[in-house]
Amino acid sequence: MLGEDRLAAGDADLTLRAGGEALGQRIIVFGRVLDSGGRPVPDALLEIWQANAAGRYRHVVDNWPAPLDPHFDGLGRVVTDALGRYEFTTIQPGAYPWGNHHNAWRPAHIHFSLFGRAFTQRLVTQMYFPGDPLFGQDPIFNAIPPTARDRAIATFDLSRTQPDWALAYRWDIVLRGTEQTPFETDDDGYVA
C-alpha cells in the first residue's frame, strides 16, 4: 500500500512530515501482534492510514471541506520486533461524515494492514478509541459481533503517556483463536 521503498527511520512517526509538525493531539499507539497462543509474531509489517485531526484523508476521493494539514499524510509503517511489539507516533484522528445515512459520521479510527511473510498474507482491521459517542451509528463497527467489539477498541495507557507531549493507547492484535482481533473480509466491510 505504501510503496516498495525500504522502511525508513521516520516511517513510524506520522507527526513530522514535509518539513513541519502535524496539527492535533499527539498520541502514541503501541502494542503487540500475537498468535492464538499468545506468542509474539516477529517481523510482521504493519502499515497504518488515518484521517488528520480534522477528519480528512489526504486522498483524491476525500473531498469534504475539512482542512488538509500540509505536515500530515496519514501514512505510517513499522516491522514488529522479536517480541511482536510495534509503536507509532501520530495524532488523534478526527471523525468525518460519510453519507451512508442522514448525519452519518465515522468514529475516530486508524486502519491497520498486517503483512505476514509474503504480501499475499495480508489482514486489514481498524482500531477505535475508547468511549467514542459515534459507535452506535457506525455500520462498520456494528458489523463486529457484540462480544468482540472490545477487541477493536484501544486502551488508554497513562503509564506510557509522555508528560506534556503525547497521550498513549495500547492495542494488541491477535491473529487467530477465540480472542482474535476483528478483521475485514474480502466482502468489503464485513468483519470476521
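Start with aspartate 62: setting aside neighbours within four places in sequence, aspartate 62 is in contact with Gly55, Arg56 and Tyr57. Bear in mind that this is a predicted model. Aspartate 62 sits in the loop between strand 4, residues 45-49, and strand 5, residues 75-79.

Aspartate 62 is buried, yet has no salt bridge.

What does the side chain of aspartate 62 reach? One polar atom of that side chain lies 2.6 Å from the backbone nitrogen of tyrosine 57. The side chain also reaches the backbone nitrogen of tryptophan 64, at 3.5 Å.

That brings us to the rings. The whole structure has 11 aromatic pairs. One of them joins tryptophan 64 and tryptophan 105, edge-to-face, with 5.7 Å centre to centre and 90° between the planes. Tryptophan 64 is in the loop between strands 4 and 5 and tryptophan 105 is in strand 8, so the pair ties together parts 41 residues apart in sequence. Both count as partly exposed, tryptophan 64 at 22% relative accessible area and tryptophan 105 at 29%.

Phenylalanine 135 and phenylalanine 141 form a stacked pair, 4.3 Å centre to centre with 15° between the planes. Here phenylalanine 135 is buried at 13%, and phenylalanine 141 is buried at 5%.

Tyr86, Phe88, Phe112 and Trp171 make up one aromatic cluster.

Last, two arginines over rings. Arginine 106 lies over the face of tryptophan 98, 5.3 Å from the ring centre; arginine 160 lies over the face of phenylalanine 30, at 4.0 Å.

Definitions and conventions:
Residues numbered from 1 in each chain as written. Predicted model: local features only at pLDDT ≥ 70, side-chain atom pairs only at ≥ 80, totals over all residues. Heavy atoms only, no water. Helix = DSSP H or I, 4+ residues; strand = E, 2+ residues; numbered from the N terminus. Buried < 20%, exposed > 50% of the residue type's maximum accessible area, 1.4 Å probe, protein only. Lys, Arg positive; Asp, Glu negative; His and termini not counted. Salt bridge = Lys/Arg side-chain N within 4 Å of Asp/Glu carboxyl O. Polar contact = N/O pair within 3.5 Å; in protein donor to acceptor, adjacent residues only side chain to side chain. Contact = heavy atoms within 4.5 Å. Phe/Tyr/Trp six-rings, centres within 6.5 Å; stacked < 30°, edge-to-face > 60°. Lys NZ or Arg CZ within 6 Å of the ring centre and 35° of its normal.
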